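Colleague: I have not looked at this one before. Can you walk me through it?
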Amino acid sequence: KNGDHNYNWLDPWTGRAEPWDGNGHGTHTLGTVLGSGGIGVAPGATWIGCANLVRNIGNPPDYLRCMQFMLAPYPIGGNPLHDGDPARAADISTNSWGCPPIEGCDQESLLPAVKALRAAGIFFVAAAGNEGSECNSLQTPPGNYQALISVGAIDRSSELTDFSSRGPLTDSPDGRIGPTILAPGDGVPSAWPGGGYESHSGTSMATPHIAGVVALIWSANPALRGNIDATEQILIDTAQPYEGSLVGCGPSGSALPNAESGYGIVDAYAAVQRAMGK
């Protein structure tokens, strides 16, 4: 914030003291949360960041270091145990990544940390993954945890994308059967390193839309800040029904959440109106 990287930036991979982005993914997703010029959902928000994945393969320790930083940020070069300051914690954590077995994660590797963030009032949003459209493809932590909001992707026709991961068999250690909610994730334009713009697709692109909507909700009604249960319920209650095609995963019928489409498509305007009691 305001050019001061202390308490606002961590790079456990290279130790760089200033924000950088070697592949564009972080810039693109963050632009969807709060970018200006019409690309961001909540352009008045501010951000802190942690580079938890600077190449194609990550690892649980660095994912956990970044989650700890969101809970108790510390200055550049500081000691997280001595210098971490929970008063500077993030309000919302947007996570467009997954930790499959090849990276060293088992199903419960990240769950205690996710639960800790939730208990601290930090709203954790995670991508459902891009292993669809087969059933039982939502199996990678943290997107298959019930303790957070898991986001699937729709295209411009409000159809589930072929890549969006689905349940109902998710190997979830806490009972998730599919994504919580859907958001735009196909051909999404956003910021790119160097000052330009690019369009990309993935549940990675859908996830920051939800983080931005939560920022709007908490801005519209600060009394909801940190109330994860109530905020989740607003997103669920105001979601638009998904009326597109389905592969047929899980039980048929109208019961929600659906193993493919969750509770439906996020409705930012309705969610903010509900938060304001309208």
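This is a predicted model: local features need pLDDT of at least 70, side-chain atom pairs count only at pLDDT 80 or more; totals for chains, interfaces and linings use all residues.

Colleague: Start with the core. Which residues touch the most other members of the largest nonpolar core?

Modeller: Phe123, Ile149, Val151, Ile181, Ile210, Ile217 and Leu235 do, out of 25 residues in that core. At least two core residues come from each of helix H1 (25-34), strand S4 (123-127), strand S5 (149-154), strand S6 (181-184), helix H5 (203-220), helix H6 (228-238) and helix H7 (268-275).

Colleague: And which element gives the largest share of this core?

Modeller: H5, with 7 residues.

Colleague: What else is there to say about H5?

Modeller: H5 has 18 residues and spans 26 Å from its first C-alpha to its last, close to the 26 Å expected at 1.5 Å a residue. H5 is also mostly covered, with 15 of its 18 residues buried.

Colleague: Back to Ile149. What is Ile149 in contact with, neighbours within four places in sequence aside?

Modeller: The contacts of Ile149 are Phe123, Phe124, Val125, Ala126, Thr180, Ile181, Ile210, Glu232 and Leu235.

Colleague: What about H1? Which of its residues are buried?

Modeller: His28, Thr29, Gly31, Thr32, Val33 and Leu34 are the buried ones in H1. The buried residues of H1 pack against strand S3 (92-95), strand S7 (188-192), strand S8 (196-200) and H5.

Colleague: Changing topic. How many cavities of 30 Å³ or more does the structure hold?

Modeller: There is 1 of that size. The space in the largest cavity is about 30 Å³.

Colleague: What lines the largest cavity?

Modeller: The lining is made up of Arg118, Ile122, Phe123, Phe124, Ala147, Leu148, Ile149, Ile228 and Glu232. S4 and H6 each supply at least two residues of it. By type, the lining of the largest cavity has 7 nonpolar residues, no polar ones and 2 charged. Two of the lining residues, Phe123 and Ile149, are also among those that touch the most other members of the largest core.

Colleague: And the pockets? What volume does the second largest pocket have?

Modeller: Its volume is about 180 Å³. The pocket is lined by 19 residues, and Leu246, Gly253, Leu256, Asn258 and Ser261 are the closest to its centre.

Colleague: How do the residues of that lining divide by type?

Modeller: The lining of the second largest pocket has 8 nonpolar, 10 polar and 1 charged.

Colleague: Now some single residues. Is Thr170 buried or exposed?

Modeller: Thr170 has a relative accessible area of 3%, and buried means under 20%, so Thr170 counts as buried. Thr170 sits in the loop between S5 and S6. Not counting residues up to four places away in sequence, Thr170 touches Leu138, Gln139, Asn144, Arg176, Ile177 and Gly178.

Colleague: And Asp171? Where does Asp171 lie?

Modeller: Asp171 lies in the loop between S5 and S6. Asp171 is partly exposed because its relative accessibility is 49%, and exposed would mean over 50%. Asp171 has a positive phi of about 60°, although it is not a glycine.

Colleague: Which other residue has a positive phi although it is not a glycine?

Modeller: Tyr7 is one, with a phi of about 70°. Tyr7 is in the segment before strand S1 (9-10).

Colleague: Staying with the backbone, where are cis peptide bonds found?

Modeller: One joins Gly132 and Ser133, with omega about 10°, and Ser133 is in the loop between S4 and S5. Another runs from Leu256 to Pro257, with omega near 5°. Pro257 is in the loop between H6 and H7. Leu256 also came up for the second largest pocket, as one of the residues closest to its centre.

Colleague: Last one, Arg65. Where is Arg65 found?

Modeller: Arg65 is in helix H2 (residues 60-71) and counts as partly exposed, at 43% relative accessibility. Leaving aside neighbours within four places in sequence, Arg65 is in contact with Leu10 and Pro12. The C-alpha atoms of Arg65 and Asn52 are separated by 8.0 Å, with the two residues 13 residues apart along the chain.

Methods: Residues are numbered from 1 along each chain as its sequence is written. Side-chain values use heavy atoms; hydrogens and water are left out. A nonpolar core is a set of buried Ala, Val, Leu, Ile, Met, Phe, Trp, Tyr and Cys residues joined through side-chain atoms within 4.5 Å. Buried means under 20% relative accessible area, exposed over 50%, partly exposed in between (1.4 Å probe, protein chains only). Helices (H or I, at least four residues) and strands (E, at least two) are DSSP runs, numbered from the N terminus. Contact means heavy atoms within 4.5 Å. On a 1 Å grid over the protein atoms alone, a cavity is a set of points where a 1.4 Å probe fits but cannot get out, and a pocket is an open set with protein on both sides within 12 Å along at least five of seven lines; lining residues have an atom within 4 Å of a point. Grid points are joined across faces, edges and corners, and a volume is the space filled by probe spheres set on the points. Ala, Val, Leu, Ile, Met, Phe, Trp, Tyr, Cys and Pro count as nonpolar, Asp, Glu, Lys and Arg as charged, and the others, Gly among them, as polar. The expected span of a helix is 1.5 Å times one less than its number of residues.
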